[in-house]
Amino acid sequence: MDRKDNNIPKELLVLMKQKEDTSEKISAPSRTFMQDARRTFFKNKLAVASMIVLVIIILMSFTGPGMNEHGIDDQDLSVAKMPARVPVLEDISWLGFSGVLSDTFKGDTADHATQNAFSRYKSDEEFIDIKVLDEGDGTKNSAEVKATYHIYEAKDMEDTYFWLGTDTLGRDQWTRLWEGTTVSLLIAFVAAIISLLIGVAYGGIAGYYGGKVDDVLMRILEVLVGIPNLVIILLMMLVLDPGITSIVVALTITGWTGMARIVRGEIMKQKNQEYVLAARTLGQTNRNVIMRHLLPNISGIIIINTMFNIPDAIFFEAFLSFIGLGITPPEASLGTLINTGFDNIMLYQYMLVFPAILISVIMIAFNLIGDGLRDAFDPKMHK
Amino acid sequence: MVRYILRRVMYMLVTLFIIATLSFFLMKMLPGSPLNAEDKLSEQQQAIVLEKYGLNDPVPVQYVKYIGGLLQGDLGISFAFSNTPVTDILMDRIGPSAQLGAQALVVGTILGVLLGLIAAISHNGFLDYTSTVIAVLGTSIPNFVFAGLLQFVFAAQLEWFPVALWGDFKHTILPTIALMIFPMATAARFVRTEMVEVLGSNFITTARAKGVSEPGIVFKHGLRNALIPLVTVIGPMAVSLMTGSMVIEQIFAIPGIGEQFVNSVMVNDYPTIMGTTLLFAALFITIILIIDLLYGLIDPRIRISGGDS
């Protein structure tokens with residue numbers, strides 16, 4: 001063979017330098033699943049705002065009752081049904097913190113209507129401002145006046161401020177509102193945590209061991225789930241003495257079943273994965289495999305479920321207290337406050353407004369945080 | 001399928017039996033009797049009253065009699081309204097509750113589906129945002145708070161509707177709105193999520209490619225598929241209607257089952273409490289059964305896996 005045409009000098013032949021391989025390199029710092037979830041969660045403005053609002057409410061529920069001199073059960077009938085009055089804000093009339101009661105009254109003539117207003121407000125004529133809205137023509141209820149009763153002046157209490165007013169027994173609503181929030185939140189958190197512990201243990205055992213254990217545990221669960229929550233809770237509340245403990249017991253008896261089912265399903269999905277096999281090969285005890293390896297991997301779904309259990313518990317506590325099966329006076333909870341508010345809705349709206357707003361805000365905040373967490377722990381959502 | 005239904009009905013009866021037994025013995029543990037101090041009865045008269053309620057028998061005998069009565073639809077005699085059988089009380093009151101519940105469920109679900117649909121079509125738009133806000137408020141705000149607001153604004157202040165009590169159709173409007181908020185919000189959230197997912201799927205692209213009109217895509221291809229999972233949330237909706245009936249009937253003074261329950265609780269009328277509890281339980285269990293069967297009918301995949309397991 002002739003190789004003359006192929007005489008490239010050897011020195012030209014240089015070994016090709018391998019370029020640095022970038023295809024396998026991760027450009028961004030690697031994040032764990034939890035870091036990823038946290039990042040998604042904090043990007044969700046509504047969820048973060050809800051979290052801040054909740055933290056403020058929780059702080060207020062502890063510090064609120066101590067912020068004025070009134071106690072939770074300081075009954076004083078002479079100051080019953082005082083409207084809300086807040087320093088500074090009292091000068092802005094439309095806010096409703098000016099410490100006056102006002103309503104419109106009807107009558108055949110303006111005078112008649114005014115008389116109606118006076119008799120409604122205990123005839124303290126000098127402290128009642130009357131504004132005639134409609135002179136009327138003498139026919140039945142044709143005239144209308146707006147009466148504003150300066151009750152704080154009438155009672156000679158210009159220096160006293162009940163920030164959110166007082167209830168029918170003269171107890172300060174501000175103090176009771178925050179005490180009630182503490183009770184409601186306490187019930188919700190304790191019930192949710194107990195449900196979490198029982199549910200995770202039950203579901204974890206059923207899912208991990210499978211077979212006969214799973215069969216027996218799941219049959220028991222099926223019977224329990226078959227009985228409506230509402231029925232069990234109502235029956236338990238009838239039997240137990242009313243109070244915080246009974247509500248927690250009633251709520252947890254039914255509350256853990258949902259968690260147990262979810263945890264069982266997730267564990268069954270996870271337990272055949274390689275990392276579980278690896279852990280078992282290395283001689284981990286069953287207990288350790290569940291606690292150290294399986295549970296952290298399903299923690300997302302557990303957290304989401306708990307977050308949605310809390311507003312449910314708040315609702316049920318309020319519901320029970322509202323129908324008279326929950327917290328009993330002089331203890332307060334958001335439910336009992338709303339109940340009292342309803343009894344006085346036509347004349348003293350402020351009694352209902354504040355607890356109703358607060359419970360709604362709390363429920364909305366928990367739901368938004370729950371939504372945020374669900375998005376954060378859903379791998380499909382990460383971008 | 002028939003075997004599956006039969007087995008489910010069996011389960012249902014067993015559950016009801018357990019509830020009846022449980023509530024019977026729980027009620028026996030409670031203090032209180034049909035006797036009250038004001039009547040000043042002699043001992044013989046007391047014995048007659050106790051005899052009438054069968055309270056002189058030993059507890060096991062009472063239990064057998066109670067269960068026997070249940071099988072014949074007899075729930076015992078009310079403590080509070082003397083001589084009135086509980087069954088009669090509940091039958092008298094089932095009408096208003098059923099009407100409110102049905103109105104709330106139907107109107108709420110239809111509005112909810114529409115709301116969810118609008119949200120999904122204008123995905124991430126202004127309408128989507130608005131309906132999401134409505135849905136979050138609807139699932140979060142307790143229905144009794146909402147009922148109070150409605151009653152105050154529309155009945156007490158504006159006087160558009162009667163404040164309370166039961167009468168013609170006008171009386172049902174405010175309670176229905178208060179009751180339907182939860183079903184509406186739940187349906188809206190659910191339909192939105194499902195629709196967004198369905199509208200992004202491949203068969204919708206195919207439908208678009210072959211030139212199906214936009215309404216055709218949304219209603220024929222999209223909504224039909226998105227509605228199937230809605231069946232699963234009927235359960236929570238039923239619960240909300242039951243708790244709702246208790247508080248909302250109380251607020252609007254409607255002579256329904258829920259109001260009866262709350263009043264019976266106040267006066268410790270145990271036979272009525274037990275009767276109402278059983279009625280709620282039976283309703284709830286039947287609804288769950290119907291949902292499961294319906295789901296099997298709509299989605300054949302579930303029938304196959306659920307049939308012989």
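**Note on helix packing and the chain contact**

1. In chain B, B:Ala20, B:Phe24 and B:Lys28 of α1(B) meet B:Val59, B:Tyr63, B:Tyr66, B:Ile67 and B:Leu70 of α3(B). Residues are in contact if their C-beta atoms, placed from the backbone, lie within 7 Å. By class, this contact has 7 nonpolar, no polar and 1 charged residues; Ala, Val, Leu, Ile, Met, Phe, Trp, Tyr, Cys and Pro count as nonpolar, Asp, Glu, Lys and Arg as charged, and the others, Gly among them, as polar.

2. This is a predicted model, in which local features need pLDDT of at least 70 and side-chain atom pairs count only at pLDDT 80 or more, whereas totals for chains, interfaces and linings use all residues. Residues are numbered from 1 along each chain as its sequence is written, and chains are lettered from A in the order in which they are written.

3. Helix α1 (residues 2-29) and helix α3 (residues 59-71) of chain B pack at an angle of about 140°, with axes 11 Å apart.

4. The contact between the chains takes 35 residues from chain B and 32 residues from chain A. On chain B, the helices that each supply at least two residues include α1, α10 (234-251) and α12 (270-298). The side of chain B that touches chain A has 27 nonpolar, 8 polar and no charged residues.

5. Chain A has 13 helices and 3 strands, these being DSSP runs (H or I, at least four residues; E, at least two).

How values were computed:
Axes fitted to C-alpha atoms, helices over the stretch in contact; angles between N-to-C directions. Contact = placed C-beta atoms within 7 Å.
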